[in-house]
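Below is a short briefing on charged side chains and their surroundings. Please look over the sequence and structure before reading on.

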Amino acid sequence: MTVVLDSNIVVSASFFHGKPRKCLQAWVDRKFALVSSSEILEEYEQTLARLTMEFGTQPTDGLSVIRRDARLVQPVRLRPICRDPDDEIYIQAAVAGRVDYIVSGDGDLLVLRTAHDIPIITADSLLKFIA
């Protein structure tokens, strides 16, 4: 199974325990493959930096592992379908990487349910699929 993780999953996993962290750990444990792009990595980094300043705490260092081990793809430029244009990067990478799922907690993505025949699921759903 191959997935794209939205930044809210990676950022939540970096600061908190819970289902997003279990998803990231499942990837580390090789229960699925992770696809990303330079745009997604930049989004992860910017969001982590902003929240580190806001919370005043250091997140776990999952980003360096993602940079090292995720399969990077060149996003496919597509006609926008998401109501939040910033979320298109996840769809573009998912199509380029021919992933099985986009995993998100973002309502702007989840409301779509699928994007170019790729299901958009929650962390909880991913954990059920890999159990």
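Asp 69 and Arg 68 form a salt bridge through their side chains, at 2.9 Å from N to O. A salt bridge here is a side-chain nitrogen of Lys or Arg within 4 Å of a carboxyl oxygen of Asp or Glu, and the count by this rule is 6. The model is predicted, so local features need pLDDT of at least 70 and side-chain atom pairs pLDDT 80 or more, while totals for chains, interfaces and linings use all residues. Residues are numbered from 1 along each chain as its sequence is written, and side-chain values use heavy atoms, leaving out hydrogens and water.

Exposure of the first pair
- Asp 69 is partly exposed at 41% relative accessible area; buried means under 20%, exposed over 50%, and partly exposed in between (1.4 Å probe, protein chains only).
- Arg 68 is exposed, at 60% relative accessibility.

Bridges between distant parts
- Asp 108 and Arg 83 meet in a salt bridge of 2.4 Å, N to O.
- This pair links helix α6 (residues 107-110), which holds Asp 108, to the loop between β3 and α5, which holds Arg 83, 25 residues apart; helices (H or I, at least four residues) and strands (E, at least two) are DSSP runs, numbered from the N terminus.
- Shared partners join the salt bridges of Lys 19, Asp 124 and Lys 128 into one network.

Glu 88
- Glu 88 is in helix α5 (residues 88-97).
- Glu 88 is buried without a salt bridge, and the nearest side chain of opposite charge, Arg 79, is 8.1 Å away; Lys and Arg count as positive, Asp and Glu as negative, with His and the chain ends not counted.
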